[in-house]
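These are my notebook entries on a structure examined element by element. I set down what I looked up, in the order in which I took it.

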Amino acid sequence: MTDGPGWASPDPQPDPQRQPSPAYPQYPSAPPPRAGALKPGVIPLRPLGVSEILDGAISTMRAHPKPTLGVSAIVVLVSELLLLVATYPLLDDIGRASSITQATPPEEVLAAFRATMSYLGIILVIGLPTLVLLSGFLTVVAGKAVLGQPIGAGEVWSRVRPRLLALLGLTMVYPAVALGASLVLFVLALAVPPLAVVVAIALVPLALWLYVLFSLATPALMLENARIGAAFGRSRKLVRGSWWRVFGIELLALVITIILTLIITAPFAYFGGGFDQVTTEPAPPTVTYLILTTIGGIIAGTVTRPFVAIVTALLYTDQRMRREGMDIELARMAGQPPP
Amino acid sequence: MSDLVTGEAVVLDLRLARLASRGVAVAIDVLVQAVVLLVVLLLFLAGAGSVDPALRAAIGVVVVAAVLVGYPVLFETLSRGRSPGKAALGLRVVRDDGGPIRFRQALVRGLTGFFVDFWVFGLLGSVAIFVSLASAKGKRVGDLLAGTVVVAERIPAAETPAVTMPPALAGWASGLDVAAVPDDLALAVRQYLGRYHRLDPAARDALGARLAAEVGGHLGVPLPSEAWAPHYLAAVLAERRARERARHAAPPPPAGESTGDDPFAPPR
């Protein structure tokens, strides 16, 4: 930790070396304790309400627009442009996939399938690292914003860079587990089809439960400097006992993200002629449509990506305060009255 | 730390609602409006066979306007700023100075919402989103024109538990110099005791030991055993409160020389 012990994981064993601090004389007239909560940064340091977490993310974006919206705009712009360039040659074949019938020759079906697969592959190769980079950066920004520390892009980056590989590894665990599970399911489906259906149905709630349980691993990794395994353990510890609360807030954030994306991209899709397909024959997307939807996607991503990352970081902060009394610790460190 | 200041420069302890919670509230309201419109449409279709086309169009316009504009105006006027979506999220529309809104403000907000923020020229809400993001107080165009702001009323209740003296420690605590514990530390201890049962055991013990050590440093008497930290903290806090109460209950000391019994006595 380079900037203060605020996010350090609490030490389960009390330090035997720790001596009671001597009673130094304070300032002659110490300020009287205030009624409100200590609020060094964007949120008050006390257990938060749901709307405080959601609005806190917006407040953070408004209070620090350059490291949130600015950085997110640049990263999303670059990644969307890369995606557009890389996937443009494939779009004809993908467009044809929607008109496949029984009469389509097998070569065309194969070409459409191959194009769709490479499209998904390119999205994974370009989209995932940029997403990881951005969410790591924004998590550190949110951590500093909560504590009211000054935020410089260079300094944040110097904290993010050494953790980047670990964060990528942490994020890759999800697709790896999903891939493994679907392979097992595939083998099972070949062997005992009815059992595979039952297992698949049972896996959905299990996957959801695990996803929410480990959803605070990214802030734990970035802010506590935990290793990958420890970060998962910390997330489990923080979420356990309030799984439904974390699930509900994350679901709400997801709904807000979807609504924002739909509203922001809808005008671009409309002017690009995307709604014409409802009334006419399906056709491969035109260049105008692609350019306009990419612009819409960039604007929407610029707003929604910081929102999701900061909500996760604030949720983590809230659980730290609820489960571990971090607000009391921070107030003692600051030498100021807690809530 | 507050976001709202009245015309008399009184700082109000209210929290402004931002895009996220306001968006959810609007989404709930739109859902209710859609259901109302759907029901009206179905009723209309059931009995529309014999109606003149011009009349049908006129009724359609009136119904859509009544639902999209009338709904927020009606609810925000009658409930002083809470449409059903806002009530669900614990939000309320208030004037810029914190006062309750009236029909005037609700009408401006409703009309602007229909024409500028959401529907007619609003690109389905894009205008509201970007104006709200750009505004320091999270206002949409309707708020700017009406001079209103949306605040969050539902703030988590502060936890201020009553601390009781553990009977076994009453004698020990009565000999302590509890006035040496500063107010902010006492507040931290009270917070800690109030949330004791909801904290994670490992973090709870570490924090308790830390607070106990700090209290012990102020008292000059190290707390006997770390395992019993919460009990000792409770004893110190209860003793501190009991003495404070006794001090306030005592009669005030005589305020110096009396100036005489007769208020109309001439000045000396």
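**Entry 1. A charged pair in chain A.** I began with Glu324(A), which counts as buried at 4% relative accessibility. I note at the outset that the model is a predicted one. I then looked up the partner of this side chain: Glu324(A) and Arg234(A) form a salt bridge, with 2.9 Å from N to O. Glu324(A) belongs to helix H12 (residues 287-324) of chain A and Arg234(A) to helix H9 (residues 228-239) of chain A, so the pair ties together parts that are 90 residues apart in sequence. Arg234(A) also counts as buried, at 8% relative accessibility.

**Entry 2. The salt-bridge search.** I ran the search over the whole structure, and it returned 29 salt bridges over all chains. One of them crosses between chains: I found the side chains of Arg15(B) and Glu52(A) in a salt bridge at 3.7 Å, N to O. Arg15(B) sits in strand S3 of chain B and Glu52(A) in helix H1 (residues 50-63) of chain A, so this pair joins two chains. I checked the burial of the two residues, and both Arg15(B) and Glu52(A) are buried.

**Entry 3. A second pair in chain A.** I next looked up Lys144(A), whose side chain meets that of Glu155(A) in a salt bridge of 3.3 Å, N to O. Lys144(A) is part of helix H4 (residues 106-147) of chain A, and Glu155(A) is part of helix H5 (residues 153-160) of chain A; the pair therefore ties together parts that are eleven residues apart in sequence. For burial, I recorded that Lys144(A) counts as buried at 2% relative accessibility. Glu155(A), with a relative accessible area of 36%, is partly exposed.

**Entry 4. Glu76(B) and its network.** Which residues are joined with Glu76(B) into one network by salt bridges that share partners? I found Arg22(B), Lys86(B), Arg109(B) and Asp143(B) in that network along with Glu76(B). I placed Glu76(B) in helix H2 (residues 53-78) of chain B. Its relative accessible area is 2%, so Glu76(B) is buried, the cut-off being under 20%. Setting aside neighbours within four places in sequence, I listed the contacts of Glu76(B): Gly81(B), Arg82(B), Ser83(B), Lys86(B), Val93(B), Ile101(B), Ala106(B) and Arg109(B).

**Entry 5. The sheet in chain B.** I traced an open sheet of three strands in chain B, in the order S3-S5-S4, with antiparallel pairing. Strand S3 (15-16) and strand S4 (91-95) of chain B are the edge strands, each pairing on one side only. I then followed S4(B) along strand S5 (residues 148-152) of chain B, and the two pair in the antiparallel sense over five bridges. Leu91(B) has Ala152(B) in S5(B) as its bridge partner, and Arg95(B) stands opposite Thr148(B) in S5(B). I also looked up the cover of S4(B): the strand is mostly covered, with four of its five residues buried.

**Entry 6. Helix H8 of chain B.** Does the length of this helix agree or disagree with its residue count? At 1.5 Å a residue, the twelve residues of helix H8 (residues 183-194) of chain B should span 16 Å, and I found the end C-alpha atoms 16 Å apart, which agrees. Nine of the twelve residues of H8(B) are buried, so the helix is largely enclosed by the rest of the structure. I noted the buried residues of H8(B), among them Asp184(B), Leu185(B), Gln191(B), Tyr192(B) and Leu193(B).

Entry 7. Asn225(A) is not a glycine, yet has a positive phi of about 55 degrees. I located Asn225(A) in the loop between helix H8 (217-224) and H9 of chain A. With a relative accessible area of 33%, Asn225(A) is partly exposed.

Definitions and conventions
Residues numbered from 1 in each chain as written. Chains lettered and ligands numbered in written order. Predicted model: local features only at pLDDT ≥ 70, side-chain atom pairs only at ≥ 80, totals over all residues. Heavy atoms only, no water. Buried < 20%, exposed > 50% of the residue type's maximum accessible area, 1.4 Å probe, protein only. Contact = heavy atoms within 4.5 Å. Expected span 1.5 Å × (residues − 1). Pairing = 2+ DSSP bridges. Salt bridge = Lys/Arg side-chain N within 4 Å of Asp/Glu carboxyl O.
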